[in-house]
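Here are my notes on the ligand site and the pockets. Please read them with the structure open.

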Amino acid sequence: MPIPFNKPYLTGRETACLERAFANLQFSGDGPFTHECARLIERVLECRRVLLTTSCTHALEMAALLLEIKPGDEIIAPSFTFVSTVNAFALRGARPVFIDVRPDTLNFDEKQFASLITPRTRAAVAMHYAGVGCELDAILEIAGKHGVEVIEDNAHGFSGGYRGRPLGTFGALGTLSFHETKNFSCGEGGALLVNRPDLAARAEIIREKGTNRSRFFRGEVDKYTWVDLGSSYVLGDILAAFLLAQLEQLENIQARRRAVWDYYHAALSPLAKQHGFGVPFVPAHCEQAYHMFYLVTRSLAERTALIQHLRTKAIHAVFHYVPLHLSEMGARFGGRPGQCPVTEDISERLVRLPFYNVLTRSEQDRVIDEVTAFYAR
Ligand SMILES: Cc1ncc(COP(=O)(O)O)c(C=O)c1O
């Protein structure tokens, strides 16, 4: 039986939630399920304001609109990330300045941060890779000193923490993803975490096509109208119903994922030591979100051969990210080889192993046995 890289998970509660949503006869957004999900996330993260969105990409676009990012501004973001981390700001005309990642956690390298700040720098995007927190103490201190806003792209890290506080709640704004590949999913979805209270009112407006419709629905104004820029970022209530069925199982899902991660880690760490490849590093002060498990091979050739070996055994392992500074768009912003050496190196050597909630012990044993067999050759 093939072992896929990812397998979507059903908690078993989705159908009941969807039936309730159908009975409600409210399919558009900000219905009962959207509210229930948002309040649940606010409780879990102890976050002031959570707005469910159609995706994490859209939550990042909202962040750029909220912070009034404009042409001529610079934003500092990792090159080793998904395109939306940067594209959302480039859409508003900002120039991305790519920062390299730390070789241990593969996160935003806070030691390089200050040297990249210029008078044009408006914001920095900290992406918590694999749900392991960036060095937020240092990042926030440097940003604060220079008047730079911090946005946390926490697509990987819902329910992870840094020094005991939930990821996504440190910067002015944080974002979450509920894409099918994430720990909690509704197919496509996301959330904006509004940590700075002064941004909350405009966040609602931007999310509602630039209108004050949310105030109208609360009875605060007698009609709604166009008051600012915005777009259509509200998650529909049907998807929110599906999402609620997943979020209500937060502890179960995280326990499953933790068991999968711990098993890989225990089995593969000795082999990694023996053969000189890498396994994820989680600093003691980071409570990780168990989003993925990866290996860092010794070379590109070794990675290609490992993925190929696993494929012949019907095991689907994948790599990412192609460095953004070396992409076609990155080059247009001045990206060049050698600019982010750790990113360039890691992106050629990292391989992600199958990782999903219902990955069984016997499937994991097969993956581990085949990685072992590959290195025994
Ligand atoms: C780091 C990061 N940011 C943003 C996104 C975009 O998320 P979405 O698919 O919800 O737009 C992803 C998606 O994989 C991601 O990995």
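1. Start with the lining of the largest pocket. Helix α3 gives the largest share of that lining, three residues. Keep in mind that this is a predicted model.

2. The largest pocket has a volume of about 420 Å³. It is lined by 24 residues, and F82, H156, T181, K182 and Y321 are the closest to its centre. By type, the lining residues divide into eight nonpolar, twelve polar and four charged.

3. What takes up the space of the largest pocket? The ligand does. There are 15 residues around the ligand, and C56, T57, D153, S177 and K182 come nearest. This shell divides into five nonpolar, eight polar and two charged residues.

4. T57 places a polar side-chain atom 2.5 Å from an oxygen atom of the ligand. For D153, a polar side-chain atom lies 2.7 Å from a ligand nitrogen atom. In the side chain of H156, an N or O atom is 2.9 Å from an oxygen atom of the ligand. The ligand taken alone exposes 390 Å², of which the protein buries 91%.

5. Now the second largest pocket. About 220 Å³ of space lies there. Of its 15 lining residues, D30, H35, R49, S214 and R218 are the closest to the centre. At least two lining residues each come from α2 (32–45), β1 (49–53), α7 (200–207) and α8 (213–217). This lining divides into five nonpolar, three polar and seven charged residues.

Terms used. Residues numbered from 1 in each chain as written. Predicted model: local features only at pLDDT ≥ 70, side-chain atom pairs only at ≥ 80, totals over all residues. Heavy atoms only, no water. Near = heavy atom within 4 Å. Polar contact = N/O pair within 3.5 Å; in protein donor to acceptor, adjacent residues only side chain to side chain. Areas by Shrake-Rupley, 256 points an atom, 1.4 Å probe, with all protein chains shown as cover. 1 Å grid on protein atoms, 1.4 Å probe; cavity = no way out; pocket = protein on both sides within 12 Å on 5 of 7 lines; lining within 4 Å. Sits in = over half its atoms within 2 Å of the grid points. Nonpolar A, V, L, I, M, F, W, Y, C, P; charged D, E, K, R; others polar. Points joined across faces, edges and corners; volume = space filled by probe spheres on them. Helix = DSSP H or I, 4+ residues; strand = E, 2+ residues; numbered from the N terminus.
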